[in-house]
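Work through these exercises with the model open. Try each task before you read its solution.

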Amino acid sequence: GELTRIPAQRRAGRPAHARALRPRLTPAAAMEQQVVALQAQVKEMRAALQVRKANYDESLDTIWMLLATMLVVFMHSGFSLLEAGSVRFKNTQNILGKNLFVVTVGFLCWYGLGYPLALGIVDKPNEFMGGTGFFMDGFMDDRKTFRIWLFQGAFCATGGTIVSGAMAERTKLRGFGAFTVLMTTIIYPAVVYWVWSGKGWLNDGNGKSKIGPAFLDFAGSGVVHLVGGVAAIIGSLLVGPRKDRYDEQLADQFLAHNVPFCVLGTFFLWFGWYGFNPGSTGALHDIKAANTAALVAVNTTLSPCIAGLVVFYLRARILPPKRLDVSAFCNGILAGLVAVTAACSVVKPWESCIIGFVAGLGYQAGSMLLDRLQIDDVVDAFPVHGVNGFWAIIAAGLFGDPGHGIGGNGVFYGGDQLGVQVVGVLAIIGWTAAWSVPVLFMLRRAGLLRLSDNFQEQGADNMEHTPAKAYSDHDHYEHTKV
């Protein structure tokens, strides 16, 4: 009974007088307290949402870049098929081996030296070349760098592949391998730094260059294709033509031995180009990047259609022997792809059609010029990548309306882009030639570049590969032997 007279507050360990002394909150004060608490909760939720959004954005960008990288790597299957189909049967394995060599050695060179010189920004950067991140040093501290390394590494190997096709059927693996190392560690990385590092003299990352506006090359017409095309023409000149290549009585013996391979290779390359160009947005987590990627994909479709048809028509109706030329059709398509790659993010679809039309004419003119000068470029790498890499950079200075707000600054619309494009294209040509000429010349003088006449007659597959033939049904291809 005594316990019942003790207040409940005291039984709970809280003195009754203490509770009586606490001020009672007015309804307004209580509501204000609740509002403050809710505001704190909202602030915490917003912070958590921002973190989650950043994680989602990073995940989406990584997925996008990995997908694009896969497509670019897949392009090497297209290069392999195209080059294998373009050579004679007896050199099929040899050119396939060089394509595998370029990819494997190219990635390793990119791992050790290429990436650091191309995109390794030091604390006090210069405008010419990077110098940090050797062998991925520091990548674990900023792991999104892995996706950038991978995507750009897939680009790096492409330059060497362009050269392999031009110099096919008469080039030693040792000499070609040495040049591939040079291409992927010095020549290509320097150009990447100038244009894409955000610290180079052609693009400082703030829309400026040493000449004025920043150099425009969205996905690599100059950085990748022009570099490869210039090296290809120099290599073709210094290694010399294949034995008997320009003997008119033996001309038919140098035709592509497998046109279906050429066509499949072209489609594979075109498919991979949708990683090469749209993937160069570098991100896909907002509507602006998504719209840019879609525009790029459309332009990457239209330009090669026009260019391919232009070449196909010229060969069928105007140029002797006025016959349907499927291989030329393939190269016309590739010329259109190269030509639109620089400006694909800043031009309207109808402008990409004009770029493709000129690309078809440029390819045909370049191919005829090589034939007239008797420069043996087996896959027409220079007309496709060199001529149209040049045209692409110039076209980026001509087209692109600044009023559309997508980065165009073309002279046709009152822009001032053309000057830096001209300077940039000359610098890329000069830099590539300054390294390629002396190195390839020394390799030729040292006997490390050109295969002997007997080696060429017998075929590289028979002379140094096992098995000694690329196909099991050898008799079917006997007519291709020299």
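**Exercise 1.** Is Asn-203 buried or exposed? Find its loop and its contacts too.

*Solution.* Asn-203 has 16% relative accessibility, so it counts as buried. Buried means under 20% relative accessible area, exposed over 50%, and partly exposed in between (1.4 Å probe, protein chains only). Helices here are DSSP runs (H or I, at least four residues), numbered from the N terminus. Now list the contacts, meaning heavy atoms within 4.5 Å. Skip the neighbours within four places in sequence; Asn-203 then touches Trp-194, Val-195, Gly-198, Lys-208, Ser-209, Ala-214 and Phe-215.

A note on the source: this is a predicted model, where local features need pLDDT of at least 70, side-chain atom pairs count only at pLDDT 80 or more, and totals for chains, interfaces and linings use all residues. Residues are numbered from 1 along each chain as its sequence is written, and side-chain values use heavy atoms, with hydrogens and water left out.

**Exercise 2.** Examine the backbone at Met-136 and Glu-169. Where does each residue lie?

*Solution.* Start with the rule: most residues other than glycine have a negative phi, and most peptide bonds are trans. Met-136 is not a glycine, yet its phi is positive, about 65°. Met-136 belongs to the loop between helix 4 (92-119) and helix 5 (145-166). Its relative accessibility is 22%, so Met-136 counts as partly exposed. Turn to Glu-169: its phi is also positive, about 80°. Glu-169 is in the loop between helix 5 and helix 6 (173-196). At 3% relative accessibility, Glu-169 counts as buried.

**Exercise 3.** Inspect the peptide bonds from Pro-320 to Pro-321 and from Thr-466 to Pro-467.

*Solution.* The bond from Pro-320 to Pro-321 is cis, with omega near 5°. Pro-321 is in the loop between helix 9 (287-318) and helix 10 (326-340). The bond from Thr-466 to Pro-467 is cis, with omega near -5°. Pro-467 lies in the segment after helix 15 (460-464).

**Exercise 4.** At what angle do the axes of helix 9 and helix 10 cross?

*Solution.* The axes are lines fitted to C-alpha atoms over the stretch in contact, and angles run from 0 to 180 degrees between N-to-C directions. The axes of helix 9 and helix 10 cross at roughly 145° and come within 7 Å. Then look at the residues that meet. Among them are Phe-312 and Arg-315 in helix 9, and Phe-329 and Ile-333 in helix 10.

Key. Helices (H or I, at least four residues) and strands (E, at least two) are DSSP runs, numbered from the N terminus.
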